[in-house]
Amino acid sequence: MFLRLPRLVRLTILGLPPSFLWCCAAESPAEFFAENKNIAGFDNPGKSLYTTMRELVENALDSAESISVIPDIEITLEEITKNKFNTMIGLVDRDRIDEELYDDFESIKAREKRLAKEARFQETQAKNAALGKKVKEAPAARGKGRGEAAFFRVTCKDNGRGMPHDDIPNMLGRVLSGTKYGLRQTRGKFGLGAKMALIWSKMSTGLPIEIKSSMKEQNFISFCRLDIDIHKNVPHIHLHEKRENKDHWHGAEIQVIIEGNWTTHRSKILHYMRQMAVITPYAQFLFKFLSDSVDKNLTIQFARRTDVMPPIPLQTKHHPSAVDLLLIKRLITETTKQNLLQFLQHEFVNISKSHAERLIGEMGPDFSAKMTVKSLTSQQLVRIHQLFRQAKFDDPSGNCLSPAGEYNLRLGIIKELHPDLVATHASSPQVFEGHPFIVEAGISIGGKDVKHGLNIFRYANRIPLLFEQGADVITRTALKRINWSSYKINQQQDKIGVFVSIVSTKIPFKGTGKEYIGDDITEISSAVQSALKQCCLQLKSKIVKKLQARERQDRKRNLNRYIPDVARAIMDTLGEIADETPPKRPRYDKEDEELLEKVNSQEVTEMTFRDCLTQHVEQVWKTFSEKS
């Protein structure tokens, strides 16, 4: 049954609401997620296409980084028309007999009404065009129903670790069989990965998933075609064999056919790929969209900019202040330590032997250092939990975390946005509820494909967050807690890119879909604000210097503008003095007389004075610039 302790604990760790847990006793994990697919981001066909692509890309990155290989990932979305899909599954198309039976049927009266509305719209736009007013595009026709189903073959190929041949069916065909349940910084939100894509494929097309995989130094490629028995939560294997590996390739290639909607989520998918290219400039992505309509085809390559990869996140032990009763029970079930003293000392961070002895003494007379840990009663476990919540412990270190790094963040921003100015900052490790976290921030000014105003890019454990932006702590901090004008930045007119990446062993997501980080954790809110302000201070210094240089340039330009008039006035004055007869002309020293003679002989002209004044302005400008 699904209510066995490890699975219940796993669901709790996944962050599912308690209201969902009771129903798992009568159904398998696969059934639970099939019935509540919106939890994992499969709300509708468009969102499902986006989530499938995202899960496969993140799995591919994890796979390559786990063996310290620079990721090289290919993603292909191939549109499959309904006719082609029917041919694939052996279904013969039939012509419609009763048109009124269909959801997209339009009666004669409704058609006349629609055409009249379109005619009025076109007439209004023609009048606006004649008056020089802005002309709007005609609104897209909206069907009242679900519309024609669209299917897509999603393929993701990487150069990562690959999967052991015998483990492939369970790794992809059994829900909650993964290894993402330890305390570690991970990209995944639920630990489902491609499994949820397989469930959606089973629900929307009924077609199996295909996997090719090979590990390093392996002379064969594993090929597996399988689907999932949702009721039993077991893989259903169609074909599982070994094939020759002539090219000595290692990695994985996963192909799944699902129902989706490219039109509604095209911008989200491309935005996701661009954001992923920013946070992982050491990876190379090749994205392709293929369709029977040639004009819809799309190929984008996000090139690698560096070979510097972040370190692999380290597994760490739980901090006493961050555990709950279920987790304490699970740790006791899995521990190899015999007595309570060893259990406290070795299963948690920041509990030394002396500290553990003091804690046991504080628990009461019913506890002793040598008592068997597996003999603890429910009441004793509650006492331990209460003491953990009340006692003082040193904060956990951030050594287990793997942020992108300022260097990579800056490179990614420059690579994808080409801004005029960029500043980055990484905070020192901080703690909330016993979990360490690090905030990295970047702010850019200017760039290509950047809108005027604030363009906010949010990341959690180095994956982009694209939905429910308004409630996120990053968005609220950027909009409400940063006084942009005080840093010489115009919030309305400048093209501002705001990048914030938060990494932690536990990201405090809000909502069942885990699409945003709440604004109710003071430690995180303050860290985000501080990191953005540090970036703003860097930018202010650069902007002030840029403004000063512009002002100096303006002054220089103004001086150069008056040089012809000044040179002409000097030449006219000297010409008048040189024309005076000697008795009337006052006496000048030898140097001035020589100058007058040169003016008379036209050895010194107006152009001579222009050149001299220009050189003088340049010299003064150079000296001033060196001092400043």
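Helices here are DSSP runs of H or I with at least four residues, strands are DSSP runs of E with at least two, and both are numbered from the N terminus. This is a predicted model, where local features need pLDDT of at least 70, side-chain atom pairs count only at pLDDT 80 or more, and totals for chains, interfaces and linings use all residues. Residues are numbered from 1 along each chain as its sequence is written, and side-chain values use heavy atoms, with hydrogens and water left out.

**View 1. The whole protein, before we zoom in.** You'll find 18 helices and 16 strands here. Of the 628 residues, 46% are buried (buried is under 20% relative accessible area, exposed is over 50%, and partly exposed is in between, with a 1.4 Å probe and protein chains only). Take the contacts (heavy atoms within 4.5 Å) with a separation of 6 or more: 74% of them are between residues 24 or more positions apart.

**View 2. Arginine 568 and aspartate 565 pair up in helix 16.** These two form a salt bridge, with their closest N and O atoms 3.1 Å apart (a salt bridge is a side-chain nitrogen of Lys or Arg within 4 Å of a carboxyl oxygen of Asp or Glu). Both sit in helix 16 (residues 522-579), and because they are 3 residues apart there, about one helical turn separates them. Arginine 568 is partly exposed at 35% relative accessibility, and aspartate 565 is partly exposed too, at 43%.

**View 3. A buried salt-bridge pair, glutamate 65 and arginine 187.** The whole structure has 23 salt bridges, and this one has an N to O distance of 2.9 Å. It links distant parts of the chain: glutamate 65 belongs to helix 4 (residues 45-65), while arginine 187 lies 122 residues away in the loop between helix 7 (168-173) and helix 8 (194-204). Glutamate 65 counts as buried because its relative accessibility is 10%, and arginine 187 is buried with a value of 5%.

**View 4. Arginine 243 meets glutamate 241.** Here the side chains form a salt bridge at 2.7 Å, N to O. Arginine 243 has a relative accessible area of 34%, so it is partly exposed. Glutamate 241, at 29%, is partly exposed as well.

**View 5. Lysine 296 and its contacts.** Look for lysine 296 in the loop between strand 7 (284-290) and strand 8 (298-302). Leaving out residues up to four places away in sequence, lysine 296 touches Glu79, Phe289 and Ser291. With 33% relative accessibility, lysine 296 is partly exposed.
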